[in-house]
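Here's a quick tour for anyone opening this one up for the first time. Have a look at the sequence and the model, then read on.

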Amino acid sequence: MVRRGPTYWRSLWNVFHIASLTLQVLTVIFWEVYLLNAAFSEERRQTLDGKLNLNSVINFDRQMQNFDYFLVVSGFNMLFAWNNFIHYLNDTVPRVGVLVDTLRRSVTPIVFLIIMIVVLF
């Protein structure tokens, strides 16, 4: 990347690789944040009465919010990983080029369909 300088960023695949690496790091970070904020689960393990107080509800909300962040980032990470896998297959197996070409042609209609679904709902 350093040797090629600005020409590295001209290829969209290279940008996808950097984004994928960034998302992988963020996935690990959000998982660790989720595990560090597991106060609700620890509190539930220690108490047997089953009563919840306001602090328990706040801890539960914080823990589930962190888990939700992890799910969103890991979902995007899987999308980028799938994209990288298809790119590698395209380089190694020539017949996958037909699939990549079909996906490339179908991106525009799919994006417009998603926009229409988001606008309607």
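Where in helix 4 does a kink lie? Look at Val107: a kink of about 40° lies there, shortly before the proline Pro109. Keep in mind as you go that this is a predicted model.

- Several residues of helix 1 are buried, namely Asn14, His17, Ser20, Leu23, Thr27 and Tyr34. Helix 3 is part of what covers the buried residues of helix 1.

**The largest pocket**
- How much space is in the largest pocket? Its volume is about 590 Å³.
- The lining of that pocket counts 17 residues, and the closest to its centre are Phe16, Trp82, Asn83, Leu103 and Val107.
- Helix 4 gives the largest share, with 8 residues.
- By type, the lining splits into 13 nonpolar residues, 3 polar and 1 charged.

- Asn83 sits in helix 3, which spans residues 54-92.
- Why does Asn83 count as buried? Its relative accessibility is 17%, and the cut-off for buried is under 20%.
- Set aside the neighbours within four places in sequence, and Asn83 is in contact with Trp13 and Phe16. Phe16 is also on the list of residues closest to the centre of the largest pocket.

- Val73 is another helix 3 residue, and it counts as buried because its relative accessibility is 12%.
- Not counting residues up to four places away in sequence, Val73 touches Leu23, Leu26, Thr27 and Phe30. Leu23 and Thr27 are among the buried residues of helix 1.
- Val73 and Ser41 are 32 residues apart in sequence, and their C-alpha atoms are 22 Å apart in space.
- Asn77 has its place in helix 3 as well. With a relative accessible area of 11%, Asn77 is buried.
- Which residues does Asn77 contact, leaving aside its neighbours within four places in sequence? They are Ser20, Leu23, Gln24 and Thr27. Leu23 and Thr27 are on the contact list of Val73 too.

- Ser56 lies in helix 3. Is Ser56 buried or exposed? It counts as buried, since its relative accessibility is 1%.
- Ser56 touches Phe40, Glu43 and Arg44, not counting residues up to four places away in sequence.
- Take Glu43 from that list: Ser56 and Glu43 are 13 residues apart along the chain, with 7.7 Å between their C-alpha atoms.
- Asn90 is found in helix 3, but at 25% relative accessibility it counts as partly exposed.
- The residues touched by Asn90 are Val96, Gly97 and Val100, not counting those up to four places away in sequence.
- Asn90 and Phe40 are 50 residues apart along the chain, and their C-alpha atoms are separated by 46 Å.

Note on methods: Residues are numbered from 1 along each chain as its sequence is written. This is a predicted model: local features need pLDDT of at least 70, side-chain atom pairs count only at pLDDT 80 or more; totals for chains, interfaces and linings use all residues. Side-chain values use heavy atoms; hydrogens and water are left out. Helices (H or I, at least four residues) and strands (E, at least two) are DSSP runs, numbered from the N terminus. Buried means under 20% relative accessible area, exposed over 50%, partly exposed in between (1.4 Å probe, protein chains only). Contact means heavy atoms within 4.5 Å. On a 1 Å grid over the protein atoms alone, a cavity is a set of points where a 1.4 Å probe fits but cannot get out, and a pocket is an open set with protein on both sides within 12 Å along at least five of seven lines; lining residues have an atom within 4 Å of a point. Grid points are joined across faces, edges and corners, and a volume is the space filled by probe spheres set on the points. Ala, Val, Leu, Ile, Met, Phe, Trp, Tyr, Cys and Pro count as nonpolar, Asp, Glu, Lys and Arg as charged, and the others, Gly among them, as polar. The bend at a residue is the angle between axes fitted to the seven residues ending there and the seven starting there.
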